[in-house]
Amino acid sequence: MNTPLRYALIGCGRIAPNHIAAYMNNRAQLSLCAVCDPIPERMEQVLSPLSEEEKAQVRRYTDYREMLKAEKPELCAIATESGKHAAIGLDVIAAGSSLIIEKPIALSIKDARALVAAAKEAGVKLCACHQNRFNKSIQKIRSAVEENRFGKMLHGAAHIRWNRGPAYYEQAKWRGTWEQDGGALMNQCIHNIDLLRWMMGDEVTEVMAYTDNLCHDFIEAEDLGMAMVRFANGSYGLIEGTTNIYPHNLEETLYLFGTEGTVKAGGKSVNIIEEWDFKDGRGDPAAIKQHYGENPPNVYGFGHTPLYKDVIAAIREDRAPYVDGEAGLRALEMVLAIYKSAAEHRPVQLPLEDCSTMDFVGRFDR
C-alpha cells in the first residue's frame with residue numbers, strides 16, 4: 001500500500017470546495033497537511049465538510065511560502081486569483097512539490113512556458129485544472145475522436161452562454177481585471193475553448209475575433225467574445241462566449257462535425273450528450289445519451305475527483321498527467337490570440353511568441 005501523499009491547498013475561495021471534495025474522494029491516496037489563505041475565515045469554511053478530528057490535523061497558514069517550508073507537501077493545488085497562479089506555481093515547484101493549477105495556468109505565454117519548463121527541470125508533475133475533460137460525456141466523445149470515427153473533421157463550435165452579474169464581481173475585486181483575471185473568455189469560457197482545441201487536433205494556425213464589453217461597465221475586460229479558428233488539419237472552429245445571458249446560465253455546448261459523424265455535448269457545462277450520429281452505426285445513440293449524461297449541482301461538474309485521481313497516479317507512475325502543463329498553455333494561448341486579434345483588428349497567427357492580459361489594459365475604458 002502506498003503511503004498517502006502530503007497534500008496542501010493554496011487559496012480557499014469559490015472553487016476551493018471542489019478541491020476539498022476531490023481530496024475527500026481520494027483520501028486513501030492523500031493526506032491533507034495544510035491549507036493556506038490570507039483570510040482565516042475562508043480556511044475554516046472550506047474545511048467544514050471534514051470531521052473535527054481531521055480538521056484538527058490540518059495546519060492553517062496565511063503565507064504559502066511559510067507553509068511550503070514547514071510542511072514540505074508532495075502535491076499542492078493552487079486555487080488563488082488567476083494572476084497569482086504562475087508566481088505561486090514556480091515557488092511550489094522550487095519547493096519540490098507537484099501541483100494542480102486552477103485555470104488559467106497563467107495570464108501570459110511567458111509565465112506559462114516558465115511553469116512547464118520549471119516542472120520538467122525539477123521532475124515534478126504539473127496539471128492544468130481543466131476538469132471538464134473528465135466529464136463522462138467528454139470522455140465518450142474523446143474516444144470517438146481517438147478512434148477516427150468522425151472521418152475527416154470539418155468544423156467544431158464551442159458556445160458558452162452564461163450569466164455573471166454585479167454580485168459575482170463584488171465577491172472578489174480581482175475578477176474582471178486585466179492584472180489578475182481577464183474577462184468572460186479567460187475565466188468562464190476557457191474550459192470549453194480547451195475542449196474545442198483538444199478535440200479538433202490541438203494545432204491552431206490562425207484566429208480571427210471580436211471582443212467587447214456590452215453590459216459590464218464595472219469590470220475592465222470583456223463580457224463577449226466571438227472567434228473563428230483555423231486548425232492545422234484544415235478544419236475550422238467557432239467560439240461564442242458571453243456572461244450577458246438573461247437572466248441566468250443557459251448552456252455550454254460543444255459541437256463536432258466530421259464527414260462521418262456529428263456530436264453535440266450540452267447541458268449547463270457540456271455534461272450530457274444531445275446528439276450522437278456516426279456512419280459506422282456502432283452503439284445505440286439513445287443508450288449512449290442516457291449512460292454518458294450527468295446532472296452536476298453546478299457548472300463545475302464532477303471532474304475534480306477523477307482529475308486528482310489521475311494526478312496521483314501520474315506521480316506514482318512517473319508519467320505526465322492527463323491534463324498537463326502544455327494543455328494549460330494551449331488553452332491560454334487560444335484566449336490570448338482571441339484578445340490580440342480583436343484588439344488589433346486582424347487575423348493572428350499561432351504559435352504566439354508572447355502575449356499577456358496586461359497587453360490589453362484600457363481596451364474597454366469608456
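A compact globule of 366 residues would have a radius of gyration near 21 Å, and this chain has 20 Å, which agrees. The model is predicted. Along its principal axes, the C-alpha trace spans about 55 × 55 × 45 Å. Of the 366 residues, 56% count as buried. The secondary structure comes to 13 helices and 14 strands.

Start with the backbone. Most residues other than glycine have a negative phi, and most peptide bonds are trans.

Take the peptide bonds. The bond from Lys103 to Pro104 is cis, with omega near -15°. Pro104 sits in the loop that runs between strand 5 (98-102) and helix 6 (109-122). Tyr246 and Pro247 are also joined by a cis peptide bond, and here omega is about -5°. Pro247 belongs to the loop between strand 10 (236-242) and strand 11 (251-258).

Now phi. Lys72 is not a glycine, yet its phi is positive, near 50°. Look for Lys72 in the loop between helix 4 (64-71) and strand 4 (75-78). Is Lys72 buried or exposed? Its relative accessibility is 59%, so Lys72 counts as exposed. His345 is another residue other than glycine with a positive phi, near 55°. The loop between helix 13 (325-344) and strand 14 holds His345. At 65% relative accessibility, His345 counts as exposed because the cut-off is over 50%.

Next come the charged side chains. How many salt bridges does a search of the whole structure find? The count is 23.

One of them pairs Arg60 with Glu44, at 3.0 Å from N to O. Arg60 lies in strand 3 (residues 59-61) and Glu44 in helix 2 (residues 40-46), so this pair ties together parts that are 16 residues apart in sequence. Both ends are partly exposed: Arg60 has a relative accessibility of 30%, and Glu44 has 38%.

A second pair is Arg319 with Asp310, again in a salt bridge, at 3.0 Å from N to O. Here the two ends fall into separate classes. Arg319 is partly exposed at 28%. Asp310 has a relative accessible area of 13%, and therefore counts as buried, since the limit is under 20%.

Arg282 is partly exposed, at 44% relative accessibility. Asp280 is partly exposed too, with a relative accessible area of 37%. This pair does not stand alone. Glu147, Arg149, Asp280 and Arg282 are linked in a network of salt bridges.

Which residues form a negative surface patch? They are Asp111, Glu353, Asp354 and Asp359. A patch takes in residues with over 30% relative accessible area and no salt bridge. Glu353 has a relative accessible area of 67%, so Glu353 is exposed and clears that accessibility cut-off. In the chain, Glu353 comes in the segment after strand 14 (348-349).

Conventions
Residues are numbered from 1 along each chain as its sequence is written. This is a predicted model: local features need pLDDT of at least 70, side-chain atom pairs count only at pLDDT 80 or more; totals for chains, interfaces and linings use all residues. Side-chain values use heavy atoms; hydrogens and water are left out. Patches are made of residues with over 30% relative accessible area and no salt bridge: like charges are joined within 9 Å, nonpolar side chains (Val, Leu, Ile, Met, Phe, Trp, Tyr) within 5 Å. Accessible areas come from the Shrake-Rupley method with a 1.4 Å probe; for residues, only the protein chains shown count as cover. A salt bridge is a side-chain nitrogen of Lys or Arg within 4 Å of a carboxyl oxygen of Asp or Glu. Lys and Arg count as positive and Asp and Glu as negative; His and the chain ends are not counted. The place of a charge is taken as NZ of Lys, CZ of Arg, CG of Asp or CD of Glu. Helices (H or I, at least four residues) and strands (E, at least two) are DSSP runs, numbered from the N terminus. Buried means under 20% relative accessible area, exposed over 50%, partly exposed in between (1.4 Å probe, protein chains only). The radius of gyration is taken over C-alpha atoms; the globule rule is 2.2 Å times the number of residues to the power 0.38.
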